[in-house]
Amino acid sequence: MPTGYQIVVCGSVVPDPLQTLEPIVGPSGPALKNELMLPAVLDPWAGHALYEAAHLAKSVPGSTVHLVALGPKAKLQQVMMSVAQKAPFELIAVDGPAGGFTEAAEVAAALAEAIRGIAGLDLARLLLFGGWESASRGAGATLAMVGEILGVTEQFQGVDSLTVGADGSLEILERVEGGRHQVSVCQGPPALLGWATGNLHEPPNNPQIGMANMRTAMPALQKAKPAKLTAEGLRFAHVALPKQQRTTRVVKDQGPDEIAREIVEWISGS
């Protein structure tokens, strides 16, 4: 059994997906309409990774959890007031834009630099967690790039389960097609896990955990280093909301074969 992991979770703040998100083209490129006024939340994918990290740290004595978050300091502070009550962690804040119109390579470089700055970082104990996808940077590339920059080549994406063996090995279930899982075994850290939804529910609020986290979160926000994301050479040709299309027919007494045939014909013709 390992003596303890250094678990680093990469996550960012995103506009609340329950709000109306309307893309616009501003002076500096694409943005969201009234973005500064939109309430923010922790990226849902990163949230799953954080809860899994806290669960693993609780089950393996000596483990620590760091949350490395890139976003505007004001938004980070707003989100940390609620997230801090969910799970114990130490915040590493990076002050920068949190929208989806940023270059994944630049974001990865900023996150990797922040991770390298963690006191006492030991790659031999490092487990790098994050979201398999993202509510803002949905390319699914940022986390993998962070791992490559740090030299973490054992990478697993679409993870739903992690089990630690008696010998310290990691058994990992990754999503594959057909609703199945691929079982992978890694001898141990360093390793990168991009989490899907996992198997854990969202933890209830715990004010005591929140107060303990905020004692370190507030100083971390105050000394957050700015990240200059220039997006040099990046150009968006067009941004728009996805088109909504709905065609409904009410038909009685039609067999499943005929329904399937019509669906296939509709998809083929769309």
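Colleague: How many salt bridges does the count come to?
Modeller: Three salt bridges, where a salt bridge is a side-chain nitrogen of Lys or Arg within 4 Å of a carboxyl oxygen of Asp or Glu. This is a predicted model, so local features need pLDDT of at least 70, side-chain atom pairs count only at pLDDT 80 or more, and totals for chains, interfaces and linings use all residues. Residues are numbered from 1 along each chain as its sequence is written, and side-chain values use heavy atoms, with hydrogens and water left out.

Colleague: What does glutamate 202 pair with?
Modeller: Its side chain meets that of lysine 86, 2.9 Å from N to O. Glutamate 202 is in the loop between strand S11 (191-195) and helix H5 (207-222), and lysine 86 is in the loop between helix H2 (73-83) and strand S6 (90-95), 116 residues apart. Helices (H or I, at least four residues) and strands (E, at least two) are DSSP runs, numbered from the N terminus.

Colleague: Lysine 86, buried or exposed?
Modeller: Buried, because its relative accessibility is 17%. Buried means under 20% relative accessible area, exposed over 50%, partly exposed in between (1.4 Å probe, protein chains only).

Colleague: Which side chain meets aspartate 160?
Modeller: Arginine 175, at 2.6 Å from N to O. Aspartate 160 sits in strand S8 (residues 155-164) and arginine 175 in strand S9 (residues 170-176). Aspartate 160 is buried at 8%, whereas arginine 175 is partly exposed at 35%.

Colleague: Other topic. What does valine 185 contact, leaving aside neighbours within four places in sequence?
Modeller: Ser169 and Leu170, contact being heavy atoms within 4.5 Å. Valine 185 is in strand S10 (residues 180-186) and counts as exposed at 61%.
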